[in-house]
Amino acid sequence: MPRDNVVLQCTDCKSRNYVTTKNKKTSKERLEFKKFCGRCRKHTDHKETK
Ligand SMILES: [Zn+2]
């Protein structure tokens, strides 16, 4: 199973808030989620980082 850990980073303050996994064979696009950021204290866009 080629599932890899990916880190989701807040696009506002750049803090790394979430870790998830994804299947690189089925999702080649960079992940992007709306998540709560504890540092911004609001929901922000979180993008995949390495
Ligand atoms: Zn933030």
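Before the views, one term: strands here are DSSP runs of E at least two residues long, numbered from the N terminus. Please keep in mind that this is a predicted model.

**View 1. Lys14 in the loop between β1 and β2.** Welcome to the first stop: Lys14 lies in the loop that connects β1 with β2, the latter covering residues 16–23. The phi of Lys14 is near 70 degrees, a positive value in a residue other than glycine. Most residues other than glycine have a negative phi. Is Lys14 buried or exposed? Lys14 is exposed, because 9 other C-beta atoms lie within 10 Å, and a residue with 12 or fewer is classed that way.

View 2. Look for two facing positions: Cys37 stands opposite Lys42 in β4, and Phe36 stands opposite His43 in β4. Four residues sit between the strands of this hairpin.

View 3. Moving in on the loop between β3 and β4, we find Arg41. As for its surroundings, Arg41 counts as exposed because it has 8 C-beta neighbours inside 10 Å.

**View 4. Strand β1 beside β4.** Strand β4 also has β1 as a partner, and β1 takes in residues 3–10. This pairing is antiparallel too, with four bridges.

**View 5. Thr49 and its contacts.** Which residues does Thr49 contact, leaving aside its neighbours within four places in sequence? They are Val7, Gln9 and Arg16. Thr49 counts as partly exposed because it has 13 C-beta neighbours inside 10 Å, a count between the limit of 12 or fewer for exposed and that of 20 or more for buried. For a sense of distance, look across to Thr21: the C-alpha atoms of Thr49 and Thr21 are separated by 12 Å. Along the chain, these two threonines are 28 residues apart.

How values were computed:
Residues are numbered from 1 along each chain as its sequence is written. This is a predicted model: local features need pLDDT of at least 70, side-chain atom pairs count only at pLDDT 80 or more; totals for chains, interfaces and linings use all residues. Two strands pair if DSSP finds at least two bridges between them. Two residues are in contact if their C-beta atoms, placed from the backbone, lie within 7 Å.
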